Amino acid sequence: MQYHRMAIEREAPEQLGYNRIKYNLSESSYTDQLLDTTNLNLHKLVLCYGDHLGNPQLRQLLATDYGVDANDVLITAGAASALFMVATALLTPKDTILVMTPNYATNIETPRTIGCKVVNLPVKIEDNFRLNIDLLRYFVEIHRPKLISLTTPHNPTGSMLSAGDLYVVAQLAEKYKCYVLVDETYRDLALITLPALAATLSNRIISVSSMSKTYGLPGIRIGWLVCKEKSVMEQLLAAKEQMFICNSVVDEEIALQVLQQKNNLLPNIIADVKTKLGIVTNWLKTQPLLDYVLPDGGVVCFPRINLSINTKYFYKQLFAKYGTYVGRGGWFDMPDNYFRIGYAWMPNNTDLQQGLNNISQVLEEMANDKG
Ligand SMILES: Cc1ncc(COP(=O)(O)O)c(C=O)c1O
């Protein structure tokens, strides 16, 4: 395979340097947590190779939450490696994948690197970024994909699939004998009714999730996938063993101990995310130069600039003059007049408001220059 670095990673804030960004609205996670804030006890941990499927207690905790067997859960190095394993295990250059677009870049780039046919399944701002189920049905019929790739809550738009949508998806997978990857990395950050984990609906569906986004723990690199089909799970385990054998037992233990405190931690995180979303909503309502859809979940939204401007200059000004960084549309295979705002990473709401005001300021300056 010939790998190419993706724009979202080349231009990632941690690559640019956190100390160079004053108002960081480019992140897609909740605030990064400190190791000592989560009441961890790691002193007696034996630094051995771990169980290849992943820490059994961690798998059991997740399995109980989702209503599956612990052996249906495979712990991975973040959701990113799970996505890579699923794509490489299921796709060959002869296959076709239908992928919700825009999307988190890896969900598009890895199939491209494999060399299979990548068919975009567009979700549009005009449709409130909802998946068009009739279009999905039609595309499955004419393209006969080996894999359908969906994301809910969606990155970069924050839209969610309903239980009804997922039911249709499961039926399509059974009827056309294809697989479905449902990237549920933002699952615990749903702000509307949360459907059952997609993988519980069919043996042909693989769900992926992670500690990174909701719990602000991208640095421990712990994610997981859930798959009830034994033969597929065997493939995925083989992929994991060839790449890294097992996870870091330290990372797994941190994830376990944090998830054991989920009932205490999650309500506070959700309350904070809602407050921050309220700030973004109030701001968006006063922006005549932006079209937008409010998110159903997650910590990002994806407005569109409805003015014809030089977008390179917009991002340059925003960063150079106002120290404000957002995710440009190109990170998600979209035009750069769309951009992603990540609103829950900066802990301080005054900074959030200032970052948003800086966006308005640059847009107004550019509109006045045109006028
Ligand atoms: C939809 C989606 N899937 C997967 C990932 C990767 O997350 P992780 O840090 O768990 O590897 C991201 C990160 O931005 C994401 O947005």
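Modeller: This is a predicted model, where local features need pLDDT of at least 70, side-chain atom pairs count only at pLDDT 80 or more, and totals for chains, interfaces and linings use all residues. Residues are numbered from 1 along each chain as its sequence is written.

Colleague: Where is Pro 102?

Modeller: The peptide bond from Thr 101 to Pro 102 is cis, with omega near 5°. Pro 102 sits in the loop between strand E3 (96-101) and helix H5 (106-114). Helices (H or I, at least four residues) and strands (E, at least two) are DSSP runs, numbered from the N terminus. So the place asked for is the loop between E3 and H5.

Colleague: What is omega for the bond that joins Asn 155 and Pro 156?

Modeller: Pro 156 is in the loop between strand E5 (147-151) and H7. Its bond with Asn 155 is cis, and omega is about 20°.

Colleague: Is Phe 129 buried or exposed?

Modeller: Phe 129 has a positive phi, near 60°, and is not glycine. It lies in the loop between strand E4 (117-122) and H6. The count is of other C-beta atoms, placed from the backbone, within 10 Å: 20 or more is buried, 12 or fewer exposed, in between partly exposed. Phe 129 has 22, so it is buried.

Colleague: Which class does Arg 144 fall in?

Modeller: Arg 144 lies in the loop between H6 and E5. Its phi is also positive, near 45°. With 13 other C-beta atoms within 10 Å, Arg 144 is partly exposed.
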